[in-house]
Amino acid sequence: MSLMNKAPLVLLAAAALSFNVQAIAADSMPPVPSAISEQNVLRAGVRCDQPPYGYQDNNGDFAGVEVEMSRLIAEWALGSADKVAFTCVTAENRVPQLLGRKVDILIATLGVTPERERVIAFTQPYRWGASDVLVRKDSGINKIADLKGKTLATLKGSVQAKWFEENMPGVKTLRLNSAADALQSFRQGRADAYTHDAATLVVITGNDESLRLVEEPFQISDAAIGLRKGEDEWRTYLSAAVVRMHEEKRFRPWIEKYVPEATRSYYLSVFEQPKPEESH
């Protein structure tokens, strides 16, 4: 690797522990890998059922913060925000879609975990996230320990399902394919609670006064762009793009666009504030 190519890596290493990062100007971005530039389209795997990160609006158009990130990467890398092809991915199939070369990147609420790091590569994190549990206000469930012997709706292949399997084997998990299915099962009474990314649950409680969060965050982790191992030049470019997004303060207007004011402060914190310590 030339000295010129090493320069962005030094910047990224310095930035890795904080969102207070140095500027990466447009003219100092790393080179776009030839495989991407020659393809002339960015194939992005995004969530289609998780507003405000990734979803399809009433017209069927892709929307959300991670969708905006994908469009901006296409603009920077290929010269146009329109040069992106979206694929809907789920918690269960997103990594297989990447490894099967159906997509070039995953910007899909993807938490960085040791298990996933053994299989795929990650960029510089762009936010942190935590998991929580959604219950009915009159449920009597006030802490995670109260779930013992109860049924919990969650997603197949999710970090929440794995966490409860390892830490709370006394909880029965009802594992569904999508966030919509899991929430519906909970609402129908097939489950006593529903666990997911806290950011997703905050939106639900903001729209339904009969529900509340246990507010005992767990599985606190970074969220980053996922890509295949061995694509080091691509990883360098994408990490530089994340650093540049933070430096140019791109996330705040996206959050203001997609998140209602009542729940906006939570989302601003996960993109702009340091990651908290986990109590478990």
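Two residues are in contact when heavy atoms of theirs lie within 4.5 Å. With that in mind, welcome to this predicted model. Among contacts in the protein chain with a separation of 6 or more, 72% join residues 24 or more positions apart.

Let's begin with the overall picture. The protein chain has 280 residues, and 52% of them are buried. Its secondary structure comes to 11 helices and 14 strands.

Now let's step inside. The largest nonpolar core has 66 residues, and those with the most contacts inside it are I73, Y126, L134, Y194, I225, W234 and F251. Helix 3, covering residues 65-78, gives the most to this core, with 9 residues. Apart from this core lies another one, of 13 residues, including I141, L152, F164 and F218.

Leaving aside residues up to four places away in sequence, F251 touches V65, M69, Y126, M245, H246 and F271. One of these partners, Y126, is itself listed with F251 among the residues with the most contacts inside the largest core.

Our last stop is R94, which you will find in helix 4, residues 94-99. Is R94 buried or exposed? R94 counts as buried because its relative accessibility is 4%, and the cut-off for buried is under 20%. Not counting residues up to four places away in sequence, R94 touches R47, V89, L106, A108, T109, L110 and R116. R94 and G45 are 49 residues apart in sequence, while their C-alpha atoms are 7.1 Å apart in space.

Definitions and conventions. Residues numbered from 1 in each chain as written. Predicted model: local features only at pLDDT ≥ 70, side-chain atom pairs only at ≥ 80, totals over all residues. Heavy atoms only, no water. Core = buried A, V, L, I, M, F, W, Y, C linked by side-chain atoms within 4.5 Å. Buried < 20%, exposed > 50% of the residue type's maximum accessible area, 1.4 Å probe, protein only. Helix = DSSP H or I, 4+ residues; strand = E, 2+ residues; numbered from the N terminus.
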